Amino acid sequence: LLRQARRAVEAASDLAPEVQYYLVYAGNRDPTFLAELAQTASFAGASHVVLADSQSSMTPTSAFHLTKRIKHAVSPETIVAAHFHNQMGLALPNTLASIRGGATQVESCLLGVGDAGGNLATEQFLAYCNHCRNMMGRRPSEEEDDELFPLCSTSNGCPLPASVSLAEDVARMIDFCIGENQPIVGERVFTCTTGIHQDNFQHLGHTSFAPDMAGRSWRIALNRHSSRKSVRVLVREHLQRDRSSGDIDVVHEEGLVDAAYSYLSHQLGEVDSTAIIVYCDTILKAYSALRNDGVVICPTTVGYTLVSTKDGAKR
């Protein structure tokens, strides 16, 4: 096999200025032999030696050590590249580990499209690179990965939004189904529905991935798991915009928040903010009628209920 590899690389070098030799099924083969094979291909004239984990058999630890071993085996002029599949969801961490081990070329596909679980998703890799650069100086130096990513320079503009847009076009062209929570491009990947996330993402956003780097934005969705704070923000913004509601004091505003929060707690699915606003407006109209006329008729699950103030019947 070593002899065949040498002959193949020498023949290819006579036909092309660059030759890439792939160490396929790298996670299923003997590392010592792979290092010897990489060295043979390199000294036969291969410009690149590619570590290809064809069946997603590697972990970040094994990817790091094998890449480092191959890097030491090949000539200094030979580029070591990383090519990882994603059956176990490890394409990105394996690629990052391989870079730390000495790889200077990364192979990826938009949306991770590819055989055997797909390949590293281009947009995910770019997102990680840009996030690390954005975090530069905001965390301990031993955690900074910015120096690992010279291929992701943003000097001519960040390529991430363009890759996300192109990925969406590709998905339409090849009829590829993008999962709701697929990193970076999924419809709901930047949607917050639970209270703990809604209340904290704004405070901790400076240390989290900024979706606007990918042309996306955070979205607050209300359901029975949402927080009072999120409901209060929606109600308060609506009252500030809606002059017709008049001057609502804090006590009545909190009452409105209580009513909207109670309404949400009985809903199984996501509730559009417009529906919450309509609900609040209905309560405000009922309150206004009760305050001005003393009587209001309220629909219930079994019919209607007549509600009146203490002296409402006299009016």
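**Figure 1. Salt bridges in the predicted model.** Six salt bridges are found in a search of the whole structure, a salt bridge being a side-chain nitrogen of Lys or Arg within 4 Å of a carboxyl oxygen of Asp or Glu. Side chains of opposite charge can pair when their charged atoms come close. This is a predicted model, in which local features need pLDDT of at least 70 and side-chain atom pairs count only at pLDDT 80 or more, while totals for chains, interfaces and linings use all residues. Residues are numbered from 1 along each chain as its sequence is written, and side-chain values use heavy atoms, with hydrogens and water left out.

**Figure 2. The salt-bridge network of Arg228, Arg232, Glu254 and Asp258.** These four residues are linked in a network of salt bridges. Arg228 and Asp258 meet through their side chains at 2.5 Å, N to O. Because Arg228 lies in helix H8 (residues 228-241) and Asp258 in helix H9 (residues 250-265), this pair ties together parts that are 30 residues apart in sequence. Helices (H or I, at least four residues) and strands (E, at least two) are DSSP runs, numbered from the N terminus. Arg232 forms a salt bridge with Glu254, with 2.9 Å between the closest N and O atoms. Arg232 belongs to helix H8 and Glu254 to helix H9, so this pair ties together parts that are 22 residues apart in sequence. Relative accessible area is 26% for Arg228, 38% for Asp258, 22% for Arg232 and 22% for Glu254. Each of these residues is partly exposed, where buried means under 20% relative accessible area, exposed over 50% and partly exposed in between (1.4 Å probe, protein chains only).

Figure 3. The side chains of Asp169 and Arg172 meet at 2.2 Å, N to O. Both residues lie in helix H6 (residues 160-174), three residues apart, which is about one turn of the helix. Asp169 is partly exposed at 30% relative accessible area, whereas Arg172 is exposed at 60%.

Figure 4. Most residues other than glycine have a negative phi. Ala116 has a positive phi near 55° and is placed in the loop between strand S4 (105-106) and helix H5 (122-134). Ala116 is buried, with a relative accessible area of 17%. Asp175, also not a glycine, has a positive phi of about 60°. Asp175 sits in the loop between H6 and strand S5 (191-192) and is exposed, with a relative accessible area of 72%.

**Figure 5. A nonpolar surface patch at Tyr22, Val24 and Tyr25.** Together these residues have about 250 Å² of accessible area, as given by the Shrake-Rupley method with a 1.4 Å probe, where for residues only the protein chains shown count as cover. Patches are made of residues with over 30% relative accessible area and no salt bridge; like charges are joined within 9 Å, and nonpolar side chains (Val, Leu, Ile, Met, Phe, Trp, Tyr) within 5 Å. Tyr25 lies in the loop between strand S1 (20-23) and helix H2 (31-43) and is partly exposed, at 41% relative accessible area.

**Figure 6. Cysteines Cys177 and Cys192.** Cys177 is exposed at 67% relative accessibility, whereas Cys192 is buried at 5%. The count of disulfides is zero, a disulfide being a pair of cysteine sulfur atoms within 2.5 Å.
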